[in-house]
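Me: I am new to this structure and would like to go through it by question and answer. Please take it step by step and end each reply on what I asked for.

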Amino acid sequence: MQQPDPFRGVKLCSSKDVRKILGVSRGFVQRIIAEKMIPAQKVSGGWIFPKSAVLEFQQKRIQKAKTDKRVKLK
């Protein structure tokens with residue numbers, strides 16, 4: 001029996017898209033994956049992310065930057 005696809009019908013982003021949206025390095029995207037900060041799935045040697053989760057993560061980083069002066073955003 002085939003597992004249900006959790007990303008079916010969801011707009012997706014590649015790792016490159018995530019780097020552009022968040023303005024982060026490849027290494028930080030790897031950390032996001034490893035620490036499961038954003039849901040991700042490996043497909044054909046690359047990673048895909050739900051775009052809504054990436055945008056939500058971005059908003060949380062912006063809110064944190066507003067309250068924590070040590071966080072710097074591009």
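Reply: A place to begin is the cover over the buried residues of α2, which includes α1 (15-22), β3 (46-50) and α3.

Me: Which residues of helix α2 are buried?
Reply: The model shown here is a predicted one, and in it helix α2 spans residues 26-34. The residues in question are F28, V29, I32 and I33.

Me: In what order do the elements of the protein chain run from the N terminus on?
Reply: The secondary structure of the protein chain comes to three helices and three strands. Read from the N terminus on, these elements follow the order β-α-α-β-β-α.

Me: Which element of the protein chain has the highest mean pLDDT?
Reply: Over the protein chain the mean pLDDT is 87, and 82% of the residues reach 70 or more. Where pLDDT is low, the predicted coordinates should not be read in detail. Among the elements, the lowest mean, 91, belongs to α3, while the highest, 97, belongs to α2.

Me: Is V29 buried or exposed?
Reply: V29 has its place in helix α2, and, leaving out residues up to four places away in sequence, V29 touches S15, V18, R19, V24 and F49. One of these, R19, is ten residues away along the chain, and its C-alpha atom is separated from that of V29 by 6.8 Å. Because the relative accessibility of V29 is 3% and the cut-off for burial is under 20%, V29 counts as buried.

Me: What is the relative accessible area of S15, a residue of helix α1?
Reply: S15 lies in helix α1 and touches V29, W47 and F49 when residues up to four places away in sequence are not counted. S15 is classed as buried, which requires a value under 20%. The relative accessible area of S15 is 18%.

Me: Which residues does C13 touch, not counting residues up to four places away in sequence?
Reply: C13 is found in strand β1, which covers residues 12-14, and C13 is buried, with a relative accessible area of 4%. The C-alpha atoms of C13 and V54 are separated by 8.2 Å, although these two residues are 41 residues apart along the chain. With the sequence neighbours left out as you ask, the residues that C13 touches are V18, I21, W47, I48, F49 and K51.

Me: With which residues is I38 in contact, leaving aside its neighbours within four places in sequence?
Reply: Once its neighbours within four places in sequence are set aside, I38 is in contact with I32, F49, A53, V54 and F57.

Me: In which helix do E56 and K60 both lie?
Reply: E56 counts as partly exposed at 45% relative accessibility, whereas K60, at 54%, counts as exposed. The two residues are four residues apart, about one turn of the helix, and the helix that holds both, covering residues 51-67, is α3.

Me: What percentage of the residues of the protein chain count as buried?
Reply: The protein chain exposes about 5900 Å², of which carbon and sulfur atoms supply 51%. The protein chain has 74 residues, and the share of them that count as buried is 24%.

Methods
Residues are numbered from 1 along each chain as its sequence is written. This is a predicted model: local features need pLDDT of at least 70, side-chain atom pairs count only at pLDDT 80 or more; totals for chains, interfaces and linings use all residues. Side-chain values use heavy atoms; hydrogens and water are left out. Buried means under 20% relative accessible area, exposed over 50%, partly exposed in between (1.4 Å probe, protein chains only). Contact means heavy atoms within 4.5 Å. Accessible areas come from the Shrake-Rupley method with a 1.4 Å probe; for residues, only the protein chains shown count as cover. pLDDT is the predictor's confidence in each residue, from 0 to 100.
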